[in-house]
Amino acid sequence: MNDYTYEKKENLSSRFNKYLHIVNNLPILSLNGKVKDVIGSLIISDGPNAKIGDICKIYASSGKTIDAEVIGLRGENVLLSTYSHIDGVTYGDRVVSFEKPLSIMCCEEMLGCIINGKGQMLDDSNFPYYAPSIPVLREPVNSLFRNRISEPIQTGVRTIDGLLTVGKGQRIAIMSGTGVGKSTLLSMIARNTNADINVISLVGERRREVLEFIERDLGEEGLKKSVVVIATSDEAPLMRLRSAYVATTIAEYFRDQGKDVMLMVDSVTRFALAQREIGLSRGEPPTTRGYTPSVFSELAQLLERSGNSDKGSITAFYNVLVEGDDFDEPISDAVRGILDGHIVLSRTIASRAIYPAIDVNQSISRLTPELVSQRHLASIKKFMRMSADYNEARELIMIGGYAKGSMPEVDEAIRYKPIMDKYVQQGVFEKFHFNDSKTSLLSMFYSQNDIELEMANTSIKNDSASENMVENNSLEVHNTDDVNNEVIL
Ligand SMILES: Nc1ncnc2c1ncn2[C@@H]1O[C@H](COP(=O)(O)OP(=O)(O)O)[C@@H](O)[C@H]1O
Ligand SMILES: [Mg+2]
């Protein structure tokens, strides 16, 4: 078969597939209802006979067709939330149930594509005919069938790989107030990770930010191995809510193919706000800060779906926008409780122009001790301790009130401070291989011989994603003449 016929056949099959998808989604038996009330974004209809989660279409007399989902039942009435804005809907408009929950098509060809909150390609292109249709709301993998998290994954961010080592299949929150660098940090991970595939969910961001993220931060190189799912702040709450599930479903599809997937959601706070809008509209009682009880159960359902299965892994980073820099607000609190660690970005550190502004002492990766070697762990502990000692004495040091020699730990922390600051700083487009992040940390406390011995046994292999990475650790080895090479814990 020559190229031309092959191409023609491909075109035909994908055109045919478009109609197949439409036919598949037609209701077998027309289950009709009628719009009865519209309150805010909630539509109440008399019938159809539908279940929670079923997709319905509202045929507005204005000629508009709106997709909706059943979010509640009250007596004979059906409560619907829509995927788009409801202008044009009026009394008596026809509501048809499809008797099916939302499902999306998934395939390898999605790589490099941008998808909307309902799982459709944003440029309206079709999925190939063989793409399976997968329901978006599913149970997480049974924990009995999950592989243990045993191997580190490279994020390419030195502070994370070196000090807060993350494992394949681990789930971590990145938390801060606005404008401290969460999205930038996420884009660095997307470009630098050694995961096979990135699935990036941008929930409730402004349109300008989304464009900037895709074109500037992710770039062509990052987009090639990513699927980006977007639902911007101006879209309906249901679209924003489901977009995070769509991204998770795509990540699960690639995990089922045996891939190591990096799932990134920016942000779960906006996901929670979307659920709060839906919850309030259907009459749920508001609890702390107006969040309805369903917000917390939805959060748990979403966050529990990432992680390892018996086939592949989904390592996940969830951004949390901390309202008013109050880290005890309910969403931060709930997310911290569900995940296996959190990275806190600090406004104070950012204000000193230290980026990424990770506050290592406030951050924790619960699995690090199981993922790193003895020497690596000892170096982490030593670094953390010195950083905490310095922070405690910072004010005294700044006003010149600290007398050298009064506290040996503080003296040591002061001596190490410049090299610690250098270690945690990284330019947005600077990349570090996992092994380099590790050796430059170890070089602060161990001799070159010890490091070589260590790396011979425990380094993670170089891969294509790290080809352009900084060759040697760019950090100068600290002169440790006056510091015992053994780490004091
Ligand atoms: N690694 C970095 N290096 C330099 N500047 C940074 C870095 N990370 C963030 N910034 C600065 O912080 C600003 C806000 O970052 P952004 O990622 O949009 O924050 P957030 O997502 O937390 O609101 C950026 O526009 C940039 O100026
Ligand atoms: Mg952001």
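Helices (H or I, at least four residues) and strands (E, at least two) are DSSP runs, numbered from the N terminus. The model is predicted, so local features need pLDDT of at least 70 and side-chain atom pairs count only at pLDDT 80 or more, while totals for chains, interfaces and linings use all residues. Residues are numbered from 1 along each chain as its sequence is written, and chains are lettered from A and ligands numbered from 1 in the order in which they are written.

**Exercise 1. The packing of H11 and H12**

Task: State at what angle helix H11 and helix H12 pack, and classify that angle.

Solution. 
- Step 1. Axes are lines fitted to C-alpha atoms, for helices over the stretch in contact, and angles run from 0 to 180 degrees between N-to-C directions.
- Step 2. For H11 (residues 374–398) and H12 (residues 408–424), the angle is about 105° and the axes are 8 Å apart.
- Step 3. Angles under 35 degrees count as roughly parallel, over 145 as roughly antiparallel, 65 to 115 as roughly perpendicular and the rest as oblique. H11 and H12 are therefore roughly perpendicular to each other.
- Step 4. Two residues are in contact if their C-beta atoms, placed from the backbone, lie within 7 Å. Residues of H11 that meet H12 include Phe-383, Met-386 and Tyr-390, and among their counterparts in H12 are Val-410, Ile-414 and Met-420.
- Step 5. Ala, Val, Leu, Ile, Met, Phe, Trp, Tyr, Cys and Pro count as nonpolar, Asp, Glu, Lys and Arg as charged, and the others, Gly among them, as polar. The contact of H11 with H12 has 10 nonpolar, 1 polar and 4 charged residues.

**Exercise 2. H7 and its partners**

Task: Describe how H7 packs with H6 and with H8.

Solution. 
- Step 1. Helix H6 (residues 268–281) and helix H7 (residues 293–303) pack at about 135°, their axes being 9 Å apart. This angle makes H6 oblique to H7.
- Step 2. A crossing is left-handed if the near helix is turned anticlockwise from the far one by less than a right angle, and right-handed if clockwise. The crossing of H6 and H7 is right-handed.
- Step 3. The contact involves residues of H6 including Phe-271 and Arg-276, and residues of H7 including Val-295 and Glu-298. By class, the contact of H6 with H7 divides into 6 nonpolar, 3 polar and 2 charged residues.
- Step 4. H7 and helix H8 (residues 330–338) pack at an angle of about 35°, with axes 10 Å apart. The crossing of H7 and H8 is also right-handed.
- Step 5. Phe-296, Leu-299, Ala-300 and Leu-303 of H7 make this contact with Ala-334, Val-335 and Ile-338 of H8. The contact of H7 with H8 has 7 nonpolar, no polar and no charged residues.

**Exercise 3. Burial and the core**

Solution. 
- Step 1. A residue is buried if 20 or more other C-beta atoms lie within 10 Å of its own, exposed if 12 or fewer, and partly exposed in between; C-beta atoms are placed from the backbone.
- Step 2. A nonpolar core is a set of buried Ala, Val, Leu, Ile, Met, Phe, Trp, Tyr and Cys residues joined through C-beta atoms within 7 Å. The largest one has 121 residues, of which Ile-174, Ile-250, Leu-263, Tyr-318 and Val-320 touch the most other members.
- Step 3. Beyond its neighbours within four places in sequence, Ile-250 is in contact with Cys-106, Met-110, Val-199, Val-227 and Val-229.
- Step 4. Helix H13 (residues 434–442) has 8 of its 9 residues buried, so it is largely enclosed by the rest of the structure.

**Exercise 4. The backbone between H9 and S17**

Task: Locate Pro-356 and Ala-353, and decide whether Ala-353 is buried or exposed.

Solution. 
- Step 1. Pro-356 lies in the loop between helix H9 (347–351) and strand S17 (364–365). The peptide bond from Tyr-355 to Pro-356 is cis, with omega near -10°.
- Step 2. Ala-353 is placed in the loop between H9 and S17. Its phi is positive, about 60°, although Ala-353 is not a glycine.
- Step 3. Ala-353 counts as exposed because it has 8 C-beta neighbours inside 10 Å.
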